[in-house]
Amino acid sequence: MFMSISTTGTAESPATDLGFLLHKHPGKVQRFGTSHGEAHVFYPEAGDELCTAALLLDIDPIALVRRGRGKGRGGSPDFALAQYVNDRPYAASSLLAVALRTVFRSAMKGVCEARPGLAERPRPLRIALPAVPANGSGEGGGPAMVARLFEPLGWQVEAVAIPLDEEFPEWGESRYVRVELSCAAVRLADALQQLYVLLPVLDGAKHYWVAPDEVDKLLAAGEGWLADHPERALIARRYLSRRWSLTRTAMERLELARLAEADDREVEEIDNAVDDTDGSEPGAAHPVGAEPAEPAEPTEAAAPGAAPKQPPLAEQRRTAILAALREVGAARVADLGCGQGELIGALLKDARITEVLGVDVSARALAAAARKLRLERMPERQAARVKLVQGALTYTDARLKGFDAAVLCEVIEHLDVPRLPALEYAVLGAARPSAVVVTTPNAEYNVRWESLPAGHVRHADHRFEWDRAQFRAWAERVARTYGYTVVIRPVGPEDPEVGPPTQLALFRVGAPAEPTVPTAGSTVSTDPAAAGGGTVAAGTTAPVRTTPEGGEPR
C-alpha cells in the first residue's frame, strides 16, 4: 500500500520544508510499527525545487486476520481463503488512514515547533495513490466519486479506473482507481485530515468495528471543511459504515456546527435548549418555546380569599395560542423554536390541524421532542401530520414557506436584540405565513413573582424582557414593515396595575407592503427599550442570513 506527497519550492522557501512539516528527515528511511504491519517513510527525491515523501505500508495478513476477526470487512470475509487473499495489503483503505494518523500525528495537528508558523502556510501539494478502492454500492463509485469528494475541497482530481486485466480489456474495469490530487495552496494538516476521512469513505468499509466514538473522530478530522461539504451526508454514512443511528448523530452535530460558524458563535451557545437538569432547578436553561417545569417558574404570592387556582401559565399560553390559530382558520402550522414539543403535542390533538412543522436549532431539543411525542410509536396516519427539522430562525428557509400560521412561543426573548431584525425578515418577510402568533413575558409582571429577585429576568437564557409598551411598539413596527395587521392580547390573569404575565401578538396579513430587507453589516441598539420602542434609525437593522435549503441570499 503506497502513497506519496510532493511539493515544490524555491531557494527562499525550499521544498524540503516538507520534512519539517511531516517531522521526518528527508535524508533518512524510517520504520514505524502499526497494529497490522509496518509503515516505512522515505524520500524518493528531496531538493529545493521538488520534494517527495512516500509512505509504504507493509500489511501483515496474518496479523490482520488475528486482530480483525469478526470486525469489519477485513475480519468477516465471504469465504475462508479471503482471510489471507484480499486487497487489504495493496489498496488504500482505512488501514492507510490509520497509518497516516499513527505516522504523521503531529503533522495532522498542524504542529511544527522547529519552524513556528510553517504549518499554517498553504503550499502546493500533489498526492499520488496508485490504487484506491472506490466501490459505489449504488452511490456512484469509481472516478466520479473521487471527484465528488475531493473537488469541492479545492483539489484538482486525476482519477483513472484500473482495468481488471490490461490484457483483457473486455473484462471491464475494476473497483480500483489510480488517483492524483493537486492543489496550488493547501495546508498539509488539512490535506492529511481530508485523506484520513475520505479514504475509508471511498472504500465504504473499515477493518475494525465502528463504535460511537467514530462520530467524534469524524467531526474532529472534518473540522473546518466537512460541515460545508456538499456530500457530507454521503461522507458521514460511508465513514460510519452505514450505521444509521451514528450517521444521524453526526449529521445533527454537523448542522449545528455549520449554524454556529455562520453566526460566529460557539456550539454550546446555540445548543442550550435542553439542560441536563431537565429544567427542574431554578435558573436552569430551558427549551426555547417551552415553559420551564416547576419550580423554575417563580411562584405567585397567594392572596387571602383568592380565586381558585389558575391552570399553569404554560397551559394558559398554549390555550391562547390554539384559540388564535382557530380564529385565523389555520390548518398547517409551523412551531418555530419548538423546544421539547409541548405545543406540538397540543396541536396534534386538534383534528383541524392537518400539518405541524417543528423547528429548533438544538438537535438535543428535537430528540427530546421526538421522545416526548413518541413519534416512533405514533400511528402512521398521525405521524404523517408532524415533522421535526433543525434550523436557525435568523436564516431565511424555504421549508417555512406555505404555512397558514407560524408560532413563536416564548422565543424572541432568547435572541440577542441585534438578531431580531433577521428573525423578523426570515419569518414575516421571507416565509410570510398568513398569520403569526408571538408570545413573550411581560416584564412589568415580574414584581408579582415572589421568588424572583428584583431586576432579574425569569430565565437565565433570556436576553431581554419587554414591558407592554415596548412589546406593542415592536409589534406595530414589524406589522407596518411587512404588511401585517396586529392585535395584542393578554395571557394569564391580568393584574390591574402591571398587566398579564404573558403578552401575545397576533399578526395577520393585511394590506400589501414592500418588505424592508435588513441591510448587511448594520447594527441594532442592544437596549431592549430602543428595539422594542420602535425607535430604529435608518440603516440600523441587522444582516439576514440564508440557509442552504432555501431562500434567496440577502
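Serine 362 caps the N-terminal end of helix H14, with a side-chain oxygen 3.3 Å from the backbone nitrogen of arginine 364. Helix H14 spans residues 363–373. Helices here are DSSP runs of H or I with at least four residues, strands are runs of E with at least two, and both are numbered from the N terminus. In H14, Ala363, Ala365, Leu366, Ala368, Ala369 and Leu373 are buried (under 20% relative accessible area, with a 1.4 Å probe and protein chains only; exposed is over 50%, and partly exposed lies in between). Just after H14, arginine 374 has a positive phi of about 55°.

This is a predicted model, in which local features need pLDDT of at least 70 and side-chain atom pairs count only at pLDDT 80 or more, while totals for chains, interfaces and linings use all residues. Residues are numbered from 1 along each chain as its sequence is written, and side-chain values use heavy atoms, with hydrogens and water left out.

The chain has 18 helices and 16 strands. Of its 554 residues, 51% count as buried. Among contacts (heavy atoms within 4.5 Å) between residues at least 6 apart in sequence, 71% join residues at least 24 apart.

Helix H7 packs against two helices, H6 and H9. Axes are lines fitted to C-alpha atoms over the stretch in contact, and angles run from 0 to 180 degrees between N-to-C directions.

| Pair | Angle | Axis separation |
|---|---|---|
| H6 (143–150) and H7 (188–203) | about 155° | 11 Å |
| H7 and H9 (232–239) | about 75° | 8 Å |

H7 is therefore roughly perpendicular to H9, whereas H6 and H7 are roughly antiparallel. Angles under 35 degrees count as roughly parallel, over 145 as roughly antiparallel, 65 to 115 as roughly perpendicular and the rest as oblique.

On the H6 side, Met145, Val146, Leu149 and Phe150 meet Leu195, Leu198, Val201 and Leu202 of H7. By class, this contact has eight nonpolar, no polar and no charged residues. Nonpolar covers Ala, Val, Leu, Ile, Met, Phe, Trp, Tyr, Cys and Pro; charged covers Asp, Glu, Lys and Arg; the others, Gly among them, are polar.

H7 meets H9 through residues including Tyr196, Pro200 and Asp203, with Ile235, Arg238 and Tyr239 on the H9 side. That contact has eight nonpolar, no polar and two charged residues.

Glycine 142 lies in the loop between strand E5 (123–133) and H6. Glycine 142 is buried, with a relative accessible area of 14%. Beyond its neighbours within four places in sequence, glycine 142 is in contact with Ala134 and Val177.

Notes: Polar contact = N/O pair within 3.5 Å; in protein donor to acceptor, adjacent residues only side chain to side chain.
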